[in-house]
Number of protein chains: 6
Amino acid sequence: MAKLKIFSGNTNPEFAKKVAFHAGVELGHCKFGRFADGEVQIEINESVRGTNTFVIQSTCPPVNESYMELFMILDALRRASANEISAVIPYYGYARQDRKVAPRAPISAKCIADLLKTAGANRLISVDLHSSQIQGFFDGPVDHLFAIPTFAREWRERIGAGDDYVAVSPDAGGVERVRAFAKRIGCSIAIIDKRRAGPNQVESVNLVGDVKGKVAIILDDMIDTAGTLTQAVDSLLKNNAKRVFAVATHPVLSGPAISRLKECGVEKVWVTDTVPLRPEAIACGKIEVISVAPVVAEAIKRINTHDSVSALFD
Amino acid sequence: MAKLKIFSGNTNPEFAKKVAFHAGVELGHCKFGRFADGEVQIEINESVRGTNTFVIQSTCPPVNESYMELFMILDALRRASANEISAVIPYYGYARQDRKVAPRAPISAKCIADLLKTAGANRLISVDLHSSQIQGFFDGPVDHLFAIPTFAREWRERIGAGDDYVAVSPDAGGVERVRAFAKRIGCSIAIIDKRRAGPNQVESVNLVGDVKGKVAIILDDMIDTAGTLTQAVDSLLKNNAKRVFAVATHPVLSGPAISRLKECGVEKVWVTDTVPLRPEAIACGKIEVISVAPVVAEAIKRINTHDSVSALFD
Amino acid sequence: MAKLKIFSGNTNPEFAKKVAFHAGVELGHCKFGRFADGEVQIEINESVRGTNTFVIQSTCPPVNESYMELFMILDALRRASANEISAVIPYYGYARQDRKVAPRAPISAKCIADLLKTAGANRLISVDLHSSQIQGFFDGPVDHLFAIPTFAREWRERIGAGDDYVAVSPDAGGVERVRAFAKRIGCSIAIIDKRRAGPNQVESVNLVGDVKGKVAIILDDMIDTAGTLTQAVDSLLKNNAKRVFAVATHPVLSGPAISRLKECGVEKVWVTDTVPLRPEAIACGKIEVISVAPVVAEAIKRINTHDSVSALFD
Amino acid sequence: MAKLKIFSGNTNPEFAKKVAFHAGVELGHCKFGRFADGEVQIEINESVRGTNTFVIQSTCPPVNESYMELFMILDALRRASANEISAVIPYYGYARQDRKVAPRAPISAKCIADLLKTAGANRLISVDLHSSQIQGFFDGPVDHLFAIPTFAREWRERIGAGDDYVAVSPDAGGVERVRAFAKRIGCSIAIIDKRRAGPNQVESVNLVGDVKGKVAIILDDMIDTAGTLTQAVDSLLKNNAKRVFAVATHPVLSGPAISRLKECGVEKVWVTDTVPLRPEAIACGKIEVISVAPVVAEAIKRINTHDSVSALFD
Amino acid sequence: MAKLKIFSGNTNPEFAKKVAFHAGVELGHCKFGRFADGEVQIEINESVRGTNTFVIQSTCPPVNESYMELFMILDALRRASANEISAVIPYYGYARQDRKVAPRAPISAKCIADLLKTAGANRLISVDLHSSQIQGFFDGPVDHLFAIPTFAREWRERIGAGDDYVAVSPDAGGVERVRAFAKRIGCSIAIIDKRRAGPNQVESVNLVGDVKGKVAIILDDMIDTAGTLTQAVDSLLKNNAKRVFAVATHPVLSGPAISRLKECGVEKVWVTDTVPLRPEAIACGKIEVISVAPVVAEAIKRINTHDSVSALFD
Amino acid sequence: MAKLKIFSGNTNPEFAKKVAFHAGVELGHCKFGRFADGEVQIEINESVRGTNTFVIQSTCPPVNESYMELFMILDALRRASANEISAVIPYYGYARQDRKVAPRAPISAKCIADLLKTAGANRLISVDLHSSQIQGFFDGPVDHLFAIPTFAREWRERIGAGDDYVAVSPDAGGVERVRAFAKRIGCSIAIIDKRRAGPNQVESVNLVGDVKGKVAIILDDMIDTAGTLTQAVDSLLKNNAKRVFAVATHPVLSGPAISRLKECGVEKVWVTDTVPLRPEAIACGKIEVISVAPVVAEAIKRINTHDSVSALFD
């Protein structure tokens, strides 16, 4: 069995520390900084020859800095004769660009997967990928971890289950995720169908499904600017939902996200710690974090001891 | 500009003939047979040096035979110095296995894409892929063609549009496709949410959305055994839909599909000719074919003359 | 030393069971079936992380089904983090297409080798490849096992050796194989030289070498339709061979093979169990099977313990 | 001959415009922006099928943003069926990390070259690479363009040549570049040899060669923080150089560069426009820009017409 | 149509000149020499951008020098932006090592094919490969040219055909080549079966087939040390062949070959000019050269104009 | 930990023996010879399955033979299932061709690195590469070992240090190497600047820096024809250096090198044993060899036990 080493990039060091703690190892000694002109500067202060190395780097904003730093770390480990190199990317940036959304668009999520491979990653570990097809983008084993089971278990234990609840997809693409949650809670589902009749016409927001008098839980893989989310909250309240909650794995929260969350009628937003929260996000009082560090740590341990990772989610 | 040649594999020769006709060329002279032991036997009876070659092979059942034949044709063309080789796969078999559906499952749709590349395909052309992320699986340009615009235009012209109709997704994964159709028809949407409470419990079929008194159009990318479809039809009628239609690009129609279609309450099923219909399918009287050969032919012509393919769908 | 696991595809499960038995392990728990539309369905019911995995799949008819099933199993194992994946293909289908036999023909045996590599095979193990150059087609280590030494030893022990025998090649391409056998038996050789003077002329069958009064043993790597073999038998008897036997590693026996064997003057046909015999083949009474499962099992054990495989044939 | 298209990334649009002007074409219609979360957003508003496409992107600071934007543009062009895609990188960021400078360091310049290839670049065009070995890092043709001949010609014409001048290398690695310039000016050379006796000791700056009473021209491929340069200027003046100039291709000018230039005794600094100057750099009055846009444009034209690029520098 | 350029390496410049003459072009201006330490020195004195380049290099002795020179030329052409680069290797050295002849042997012919591809060859053109499976070793199109039809036509025209002749294979591996010749001459075949009973026993040479009173023609792809050939000649004469000739494509003639030819009873040896003859070979008076330069030239022209090469041998 | 095996090619067997001795293992049993026609003949007489194999081959003249032999050994090891294969190339031939030195020149050092990878090398170990960027040419881990620290230590101990000495670069490209040595000796540096005013003019040799009355040590990575070296010696003596020594890692010594060394005013030349000395080189009396076999052996041991190699040079 090769020796296990965990290194942390710069985007989410708190998360990496927690993972290392739960995995029972110390974080590897390294310093990943920047030169005066912004180029990544790598210092790995211990030998990695023959080790199984895991680099934890969430590729949340600044997303491009995060990826370039990760590429350089991977290149350094590869040339330093590490045995197997796993890129642990709790939040996989660019995941929404997983298909050509317009003529001559890139498939950025695929391009990223190829760049990771080229830079030196042998394996990819990620949490709640925007679409599960992204697993097929990476040329090597992918260990895809899930937060939905954790969220659902917590919800059942702390809040409840059954017909009083309705799980809501804020758009047409996320219905499968909503269904997975609804099955565990034993509740019904609803979908928001936004549509614009023409170029200069107002967008209409239709709710498909019944939410009247129910506690609505909006589910998504991430919250970016929170525009989609707040529209969904408004629509649910307008349709007489009793209370509205949101559950989303990755709290990217860019631009106006936090002020929108504060102002809209959502009671509480459950997220994980794949993306670090800025102080104002913590201060807004509506966000609750459920850590996935233990599940990532357990997966790393099992990968290193050749035990089943899928058994984690049985 | 390199010379254009079109060859046809064995699965859907009628379709290939139509495409060649619309593209204004004759099909290339070839014979793709089998030896006594079942191995593919290739005879390409004209030089392909320096040509842009398009091989049309729908990978419908017998799907494994179809793919192996295609691999051998691609290998032959590659070694015969064809300039660019495009695999034209109107129906892309194995597309539903586009992610790991279980622990230790293959991602067959990705594996197929890699095998196509290895065998010699430089480009992939396909119609209504089960998920658009499959575009990212193939390492080369992909021209993804759509039947939905054709279906919607025909529906508006021949049947109607607006609030009398409702577009229905038979499962949680296909809601985006339904939305694309619904927008063009100007109608609302509904979703079938099938669920099984436990291992030995009956499956419950819930309808999310309102269909009462409406003409329901079930949309899917394909009809395989028609099990999902007939459940949806039953549910819609039980919920007082006025009439029920189905629109699906690829009529795979395996096993009990045709008898199910005959027995269930669907009035008409619109499909394309990406998969050839067996005589009993034609005989059942409920199936209407709208050809996508003209759109495939137009795409081939544009690829060869370096004109925009996306402009086809503006 | 990594843990050893052996899985069996669907084409020759009896052979796989024997190999596992001789290797001293149980076959891995798995089920490789088909969906309604014919697509391969994979269920691997135990973890393979970090194991050295051997997949046994003879690619006899239905050859295309056999290969596609194998590709999908390899893809599944690769994504499931198996350490080293060996494709054990006792009979390597498409081996006769190992060069361009006509203009614009594929080199199918090479294409297959590339597809195996792409799908996930790190190593190839096979028995009596049609030509030994196929070893060079696969980009990775190849362990090529031989049945000729086993056949020759059995022949010497059970029947005899020396000048009473003559080893016969049924065509010009197999003379080296015949020579290898003849050396071990200490007998002379003869060759069948079939030729057709022109497009519409009768084929003449000439025998080069002396067989009069001798026991003739026709040697080939495989028997497909048995056409070549029965012609050779007739020619040998016409040239006053005393008795005629045949020895061939792979009993593919397609089309009219069995009825031809029954009707022609061959006394006995020795084959191995790389290809399973159909009931009518067993019933015909002329076929005797000498198992190569022990030699395949021994090779697998040595590969796993890093012992010499070539030493097996010293 | 394929059609020529030039696109510009965001780092140096003025330079791209000049190149397009000199190449006699219009810049391609596109918009490369950012989403709210910082992900690159690509809009290419014209077909690029079958064209020879050149993407101009200097990878100056913000260097990581520049590269990620370039990768996504390359991926988009590749999937949009461009014929040949050339990455035109006037200033190649990360070039100084062209070897392992410490144990477990990356070779970032090589990693970048591999990422460019993976993202879709078929060809690389660059100006005055930090070391010419970087040409060997990219797996494809590289057209390496030079500013030294232009600088030397301008110097001879506007200032002079011969023994009154001395060309100075500010460190041990750049002596070949200095020699190339000195040969064209017909002057002698000198080298700055900085050294630190131990960890806590002051750095000593030794001048090797004779500069007394001469006009010294410090040559370098780039000016980053200008620390090395100002040390060289001080040393030259202390050793009684009459006047001190500097010539450097890439004006990266990060951190304290501009204030250092202002304060030190250099009279004038000649640079090119591979990196755009910030307003304060222009305002400092010591910097003079000699454009290499004409030479880049001429190279692009010759590449497209298959004429010799090396002949440009004869 | 891209411009055609032909360059010649150092091993067989006379042959290259003839090919260029027949192809109607001048040889490209270049000089491929050696530095003092033996490293290959490349000077290509004309632009090759966008051209279809053919490098003619027979890899006869000094075989290792020949290949290394060829690799460097290919690398130079690739980096100089040639469009398509064809390695024209009339005699493919290392072809006999086309399979593992012993445990832990290389498959040198495959290794060479991979090195050619890596160095920059897109296409391989060769004459009478030792085994036709070598076509499958090269990852790209291979144009395999044949001398047998030329030899047979010359033989019929100048000497005769029919039952007075017998075509003889000097070993078990070359019977197919002999058969191809015999069919064209309308004569019978014979095989030499050499065998050694044990490690210290004399080799016995058996002749299979009838040669008494006939004109025997020994056929082989090459003559190396001529040991096999002279043994065959002796055996044929001992078995009362009337006269003995030899026909072999590649006159490698190493070590004692020429003195052996002189001393043995062969009347005449027909060879081609794929390998240049040393003066003593010409002087021995038994060797007659039939040029394949016209057929190589014709193939090159057809490749460049996208015409069928296989049609050359119909 | 995999078993360690060391094999030696033919170019420097004495060195390989020393390395094996210091590594505490016996050289592997093998014989790498030549066939009559010059093709490499490989015999590896022991199993290498699963071992970590190191092949020691200095690629000194005959450089092309050396590389081809190495490629074939690598291919053999790869096919024989060695676990990891390291090419140990103490002197890396073709290293000076590490960039395009002229239009249409190859980058031979990169081409070689790619060929090594293709032939089967997973890792490269070398001593004092001509330029450290070559590390980036090989696609895999590179362990770059240094002789300069050994040379400097020996010099300090046996001769002295400080201002009485001056380290001299014989050309503009080697100044960094000279600086590394000078720092350890605590001496100043000087550079030879050779220049030719025009095509038919005499080359002038200028000395930059002060050598008067000092002991000059010319440093270079190699001595080839010794032309550059003797020019430097003459120039140093003309400029009144007290004594002149030379230190160079690789004693290639081709053509007139030895007679030049004998005749010029250099007192002593220190070299390593990466290249074997011919008898006349030993006889000339000016050459002293300092072995790097211990450092290569130590590196191999550390690689096999996964210990830090860089720590060797701290």
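Figure 1. Of the 314 residues of chain A, 63% are buried (under 20% relative accessible area, 1.4 Å probe, protein chains only). The C-alpha trace of chain A extends over about 60 × 45 × 35 Å along its principal axes. Residues are numbered from 1 along each chain as its sequence is written, and chains are lettered from A in the order in which they are written. In this predicted model local features need pLDDT of at least 70, side-chain atom pairs count only at pLDDT 80 or more, totals for chains, interfaces and linings use all residues, and side-chain values use heavy atoms, without hydrogens and water.

**Figure 2. Surroundings of Tyr92(B).** Leaving aside residues up to four places away in sequence, Tyr92(B) has contacts (heavy atoms within 4.5 Å) with residues including Tyr67(B), Ile112(B), Leu116(B) and Leu129(B).

**Figure 3. Parallel strands S12, S13 and S14 of chain D.** S12(D) (residues 243-251) and S13(D) (residues 268-271) run parallel, joined by 3 bridges; strands are DSSP runs of E with at least two residues, helices runs of H or I with at least four, and pairing requires at least two DSSP bridges. Phe245(D) lies opposite Lys268(D). Between S12(D) and S13(D) the chain passes through helix H7(D) (residues 257-263) in a right-handed β-α-β crossover (clockwise from the first strand over the helix to the second, with the strands pointing away from the viewer). S13(D) also pairs in parallel with S14(D) (residues 287-289) over 3 bridges, where Trp270(D) has Glu288(D) as its bridge partner.

How values were computed. Buried means under 20% relative accessible area, exposed over 50%, partly exposed in between (1.4 Å probe, protein chains only).
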